[in-house]
Amino acid sequence: MNKRQEKMIRILHEENKWFTANELAKLLSVSNRTIRSDIDTINKTTTHKLIQSNLRNGYAIIEENYKQFRVEYQHTLSTSLDRNLFILKTLLLSRDSVFIPTLLGRLCISESTLDTHLKEIRKQLTRYQDIKLKKAANYLILLGPENEIRKLYKHLLIDETNQNFLNINELANLYQNFDLLKCKQELEALLEQQHYDINANALPSILLHISISIDRILSGKYIESIYSSSKLHDAVEYVIAKQFYERIAKLYQAQIVESEVIILALLLMGNSNTKVNETQIANYMPDGLLCSDIVSELIAFIYGHHGIDFSKDEDFRLGITLHLQSLIERSISQANTTNLYLQEIKRKFPLIFEVGVSAASFLSKRLHIEISEDEIGFITLHLGMAYEHTYHSQKIRTVWIYPLGENAFFHQRRKIETIFYEHIEIINVYAYFQEELILQDQPDLIVCSMPLRHKLSIPTVEISLLCSKDDEAKLFSTIHEIEKKRMQKTFHTNLNGLITEKHFYIHQNFDTPQEIISFMSLKLKEDGIVTDSFYDSVMQREALSPTSFNFNFATPHPIDSTCMQSAIAIMLLDKPVLWGSYEVQLVFLLAIDQPETINMKPFFDWVASLSEDYEKLSHLIASNSFEEFTSYLV
């Protein structure tokens, strides 16, 4: 099975929806005929038919057969990607080095082919700090800081389980030399014994950490030194972690490593439902500052750079203060946490994620700590909840025509406002339609409980007196259309003039994101739109978290104010480029001054919708001119 066919299976499985041949062809940059041929090949080469077809809907994965396919396919090592993963996993599980002749025999490849794989792996390792893959005589050795190697290990596990960490059994099945489910039972028994309440949502992340820790310890690899204090040794979390690793040592004849105990203790602290007070956390803070001081500075920073005011939101202030406490603890311990919802957050809330990146950058500089992409995702969750509460979207002003009077309308109104409270606001109820009254109200929507005809250009929905499920669906559909038109209007209003043919590049060929960003940045600089530091600022932003979205597009932009004018440059690539974890064929380079970021909300809302609208995305990628491309923008 080739790389394209693997990607097709991944798209169909991860999205779990029907795709037409045309949509798949545009996403994979091939013809419809190739798609049909690939699907035929896939179904013929798998034990059970993997992809079903339907004349009307197109193609979809058969989930029950996919599970069996995963089990069988993991043992074939038939593709370059499979072999790269196998080599990395072998290196991670070895005590010192891997004997090359044995590896060649297992993979059934020549040494020259192995060298090709090593070149690809070294390119993959550039995203990790100081990890080196060395070939010496007949041995391969993976060298680097243990915390970075564990970060690599974590990412491999994410790929292996397809981010299915809520299924603990699937994670446990990956390990042969210890029983993760047994380890989980031991930890839960200790937590119960100590009456220690942990955030249930954090358990998969903690088990992921434990699984990597135990596997590395059993391979003779562990973090040798870590920050500690006498107060930490008195904490209940330290007692739990110590007893846990003592039990693991007894079960698997392993060594008890103090640094691993400390890391787990701090990880438990960061995910406990027990609130940590500022006196306890003050021992970890620089310059004797309190977390509340840093949070006040952060709120002022967000307002100054993004125009978003969270100063009066006490829930946000408390939530981000508690999170900052656990973040500092994890930073000191170098205990990386895993955000299982990171890609979903980036995909559905791109604007707030950018504010999260900016906030994380501020905290990193202020506290002199590194903040990972996973941590940025958690910060974004706090920002997102506060943003929705403070800057909720404008509701649809609705007039209701109800012939039986408002008293009889009470129960129906309560039902409708309960179901549609996020979308509509009933501003008036009338017994009959009267044009001058309606015009005074300036509604966005008219709802009537009897047939109604009028000449006003206001969307009108008729629903029954009892408001059935069909009526609810009809009202949802109309609301969706109104909100879609609003987005189109604000999109065009805010982005008018930012997207021009001069900065639209089609049928381009590059090998790396850096080359693409460099080319587009230079063009913007030549036209006096950005400063000399624009490219470096964009690359700094990419280093914090790649701006690629699932399947085919990216939105790179600077982290600092480096623009003299605003513009959006666009590039369409003939062949996809690996950008972070995704292959990208469509690039939007945003040259927007940071104080204006909040005004880009319509664009980021559109980006969020684009990540789920494969029909539109496929049309954009397949465009052959600026006119064709802009016709599909909204």
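**Close-up 1. Strand 8 and strand 9 in the predicted model.** In this predicted model, strand 8, which spans residues 445–448, pairs with strand 9 in the parallel sense, and the pairing runs over three bridges. Within this pairing, I446 stands opposite T460, a residue of strand 9. The two strands belong to an open sheet of four strands in the order 7-6-8-9, whose pairing is parallel. Strand 7 (424–430) and strand 9 (460–462) stand at the edges of the sheet, and because each has a single partner strand, one side of each is left without a neighbour in the sheet. On average, and with direction ignored, neighbouring strands of this sheet are turned by 25° against each other.

**Close-up 2. The hairpin of strand 1 and strand 2.** Strand 1, covering residues 51–54, and strand 2, covering residues 58–61, pair in the antiparallel sense over four bridges. The two strands form a hairpin, with three residues lying between them. N54 is placed opposite G58, which belongs to strand 2.

Close-up 3. For F99 and Y139, the ring centres are 5.4 Å apart and the planes stand at 45°, so the pair is classed as tilted. This pair links distant parts of the chain, since F99 lies in strand 3 (residues 98–99) and Y139 in strand 5 (residues 139–143), 40 residues apart. With a relative accessibility of 34%, F99 counts as partly exposed, and Y139, at 39% relative accessibility, counts as partly exposed as well.

**Close-up 4. The ring pair of F244 and Y245.** The ring centres of F244 and Y245 are 5.3 Å apart and their planes stand at 75°, an angle over the 60 degrees required, so the pair is edge-to-face. F244 counts as buried, at 0% relative accessibility, and Y245 is buried with a relative accessible area of 3%.

**Close-up 5. A ring cluster, and a charge over a ring.** F504, F588, F626 and F629 are linked into a cluster by ring pairs. In a separate view, the charged end of K17 sits over the ring of F19, at 5.2 Å from the centre of that ring.

Close-up 6. S548 has its place in strand 11, which covers residues 548–549, and is buried with a relative accessible area of 5%. The side chain of S548 reaches the backbone oxygen of W579 at 2.7 Å. A265 has its place in helix 14, which covers residues 258–270, and counts as buried at 0% relative accessibility. Between A265 and H233, which are 32 residues apart along the chain, the C-alpha atoms are separated by 9.2 Å.

**Close-up 7. Confidence along the chain.** The mean pLDDT of the chain is 82, and 86% of its residues reach 70 or more. Among the elements of the chain, the lowest mean pLDDT, 52, belongs to helix 15 (residues 278–281), whereas the highest, 95, belongs to helix 24 (residues 513–526).

Technical notes
Residues are numbered from 1 along each chain as its sequence is written. This is a predicted model: local features need pLDDT of at least 70, side-chain atom pairs count only at pLDDT 80 or more; totals for chains, interfaces and linings use all residues. Side-chain values use heavy atoms; hydrogens and water are left out. Two strands pair if DSSP finds at least two bridges between them. pLDDT is the predictor's confidence in each residue, from 0 to 100. Axes are lines fitted to C-alpha atoms, for helices over the stretch in contact, and angles run from 0 to 180 degrees between N-to-C directions. Rings of Phe, Tyr and Trp (its six-membered ring) pair if their centres lie within 6.5 Å; planes under 30 degrees apart count as stacked, over 60 as edge-to-face and the rest as tilted. Buried means under 20% relative accessible area, exposed over 50%, partly exposed in between (1.4 Å probe, protein chains only). A charge sits over a ring if NZ of Lys or CZ of Arg is within 6 Å of the ring centre and within 35 degrees of the ring normal. A polar contact is a pair of N or O atoms within 3.5 Å; within protein, one must be able to donate a hydrogen and the other to accept it, and residues adjacent in sequence count only if both atoms are side-chain atoms.
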